[in-house]
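Colleague: I would like a close look at one part of this model. Please keep it brisk.

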Protein chains: 2
Amino acid sequence: MFEKVTIIGLGLIGSSLARAIRASGIATIIVAADNNKDVCAIVKKLGIADEVTSDIRRSVSGSDLVIVAVPVGACANVAEQIGPSLKAGAVITDVGSVKQGVIDALKPHLPSTVHLVPGHPIAGTEHSGPEAGFAELFHDRWCILTPLAETDIRAVEKVTKLWEACGSKIEFMDPQHHDLVLGITSHLPHLIAYTIVGTANQLEDDMKSEVIKFSASGFRDFTRIAASDPVMWRDVFLHNKTAVLEILQRFTEDLTALQKAIRRGDGKYLHDTFSSTRDIRRQIIDQGQADYRAPGGLRQEGTPPVEVPHKASGHSG
Amino acid sequence: MFEKVTIIGLGLIGSSLARAIRASGIATIIVAADNNKDVCAIVKKLGIADEVTSDIRRSVSGSDLVIVAVPVGACANVAEQIGPSLKAGAVITDVGSVKQGVIDALKPHLPSTVHLVPGHPIAGTEHSGPEAGFAELFHDRWCILTPLAETDIRAVEKVTKLWEACGSKIEFMDPQHHDLVLGITSHLPHLIAYTIVGTANQLEDDMKSEVIKFSASGFRDFTRIAASDPVMWRDVFLHNKTAVLEILQRFTEDLTALQKAIRRGDGKYLHDTFSSTRDIRRQIIDQGQADYRAPGGLRQEGTPPVEVPHKASGHSG
């Protein structure tokens with residue numbers, strides 16, 4: 001399928017891709033490039049790539065597929081570096097959580113002889129770095145591709161095959177629509193989780209230790225999300241500003257309405273709101289999106305709650 | 001330990017208590033009382049109590065321990081009903097998520113011959129009703145007791161033994177301090193989760209179906225919390241108004257600051273905030289609070305992430 005694949009950026013996603021691509025056998029040579037030499041040393045030790053280099057510019061020479069797996073904010077710089085070294089006809093893809101911003105960052109630096117197919121695997125954990133990666137990360141997960149109107153269909157097919165080989169399901173979307181949908185499903189939840197954990201973090205020490213002690217009552221779930229990579233998330237918010245601010249506005253209005261209901265003692269409004277949200281959970285369960293599997297195939301969460309109501313998730317008042 | 005224990009309210013917590021008390025052998029007779037006859041029928045079928053009745057008033061006669069396990073808003077009415085039938089020297093406890101509000105609701109209706117020891121087990125799932133209960137729900141979980149200054153120490157000891165027999169660890173707290181700590185660890189997270197899922201619920205249908213499809217990217221975690229019992233949570237917010245509104249104020253200020261940083265493109269502020277929150281997660285993991293176990297003892301979540309970094313939790317941008 002591919003002679004030589006270069007992965008630039010060996011964090012959780014990049015290093016998982018190296019493992020998944022090798023396991024799938026769709027590439028003859030895998031080159032891992034990262035400008036952080038400590039990361040390169042770890043990747044070498046892990047033995048998940050055929051070549052490891054901190055010279056990003058050179059890493060792409062002769063590659064028929066280049067995967068940019070750096071934080072969104074570093075994409076422009078990477079494109080600028082690799083642009084002149086790219087092979088004619090090469091396919092370039094990325095894994096960024098924002099799509100229009102990444103297209104704007106990459107495109108000006110790429111020669112017209114290469115094909116850009118932006119992508120976003122909906123997969124990850126709260127852990128980061130090359131050691132956190134694993135080959136099964138993308139199994140049964142969605143990967144959203146946002147090809148441009150002018151993109152060569154054969155390049156799109158190649159990237160589709162790449163992700164299918166990693167076990168993913170493919171969805172196509174307009175880049176701006178992607179940014180709005182992910183703004184709701186991912187960026188806002190992360191922003192809120194960071195906020196609530198940040199608020200707790202500012203408490204006096206003795207109160208903070210009690211919050212940690214009794215975190216099983218709801219708070220804990222937010223801390224997992226709020227432990228995600230700070231650089232990645234800084235870049236997401238800087239590059240999906242418009243969508244995030246718009247969704248945040250809606251959220252704030254809804255929160256203000258609930259706040260007002262609490263202040264007024266409006267039990268009916270509270271009950272109606274809290275009842276309406278159960279339905280979405282049910283639909284997520286119905287669509288098999290509520291569970292995830294660990295590498296060994298062990299089901300770890302939330303499925304199926306109707307038949308197995310005995311799961312202690314620790315949520316309580 | 002107890003001759004006759006009456007549990008009033010056979011939801012998730014009440015029915016789990018019935019099972020746990022029976023498994024522990026600390027009570028000779030377990031009476032289950034619920035004013036909902038459908039619930040009584042299910043409890044009878046489950047066979048988790050020795051007597052099942054919808055006559056709450058009578059259910060407590062002769063009991064040396066009465067556990068009120070109804071939503072916080074129903075406590076006053078229950079106390080009014082059972083007050084005249086309580087045996088002299090009986091111990092009354094509850095499981096409410098708010099403590100000062102419950103004390104205010106119960107106390108005026110209880111004769112001076114009985115001993116009130118308010119309690120709150122930090123345990124639960126997003127499922128509700130008698131079928132959702134299981135005996136191991138309280139294993140290794142905290143139970144917070146908030147006895148009043150005038151409470152007989154022997155009554156406090158009895159309630160302590162009850163929860164220890166159910167596998168819980170005991171913590172003592174002032175009722176109002178409890179309400180503030182739980183306001184942060186539990187009430188605010190639930191309010192935020194209800195809000196964010198509610199905001200998504202108001203989207204147009206096609207957008208909503210995409211949110212469900214790609215919910216693994218963060219949103220999903222909120223839907224589990226937002227599937228919690230609406231009546232229970234309505235009552236929590238109505239009875240812990242002051243603490244919740246104060247904490248909500250702090251949260252809103254912090255969210256506004258992040259919003260402003262996004263609008264201004266202040267990457268340093270975002271990065272600093274997102275970095276500070278990782279530490280709390282680490283402390284939760286260090287204290288062994290990050291994992292929970294299913295009844296069979298299977299570890300289901302988050303432990304230990306350093307040695308097992310391969311867990312796919314599905315969080316990503």
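Which domains does the domain assignment of chain A give?

Modeller: This is a predicted model, where local features need pLDDT of at least 70, side-chain atom pairs count only at pLDDT 80 or more, and totals for chains, interfaces and linings use all residues. Residues are numbered from 1 along each chain as its sequence is written, while chains are lettered from A and ligands numbered from 1 in the order in which they are written.

Chain A has domain 1 (2–173) and domain 2 (177–276); the bounds come from an automatic or database domain assignment. Their C-alpha centres lie 31 Å apart. In domain 1 of chain A, 14 residues contact 17 residues of domain 2 of chain A (C-beta atoms, placed from the backbone, within 7 Å). That side of domain 1 has five nonpolar, seven polar and two charged residues (nonpolar: Ala, Val, Leu, Ile, Met, Phe, Trp, Tyr, Cys, Pro; charged: Asp, Glu, Lys, Arg; polar: the others, Gly among them).

Helix α7 (residues 175–201) of chain A packs on α7(B) at about 160°, axes 11 Å apart (axes are fitted to C-alpha atoms over the stretch in contact; angles run from 0 to 180 degrees between N-to-C directions). The two helices are therefore roughly antiparallel (over 145 degrees). Where they meet, α7(A) brings residues including A:Ile184, A:Leu188 and A:Ile192, and α7(B) brings residues including B:Ile184, B:Leu188 and B:Ile192. This helix contact has twelve nonpolar residues, no polar and no charged.

How values were computed:
Helices (H or I, at least four residues) and strands (E, at least two) are DSSP runs, numbered from the N terminus. Angles under 35 degrees count as roughly parallel, over 145 as roughly antiparallel, 65 to 115 as roughly perpendicular and the rest as oblique. Two residues are in contact if their C-beta atoms, placed from the backbone, lie within 7 Å.
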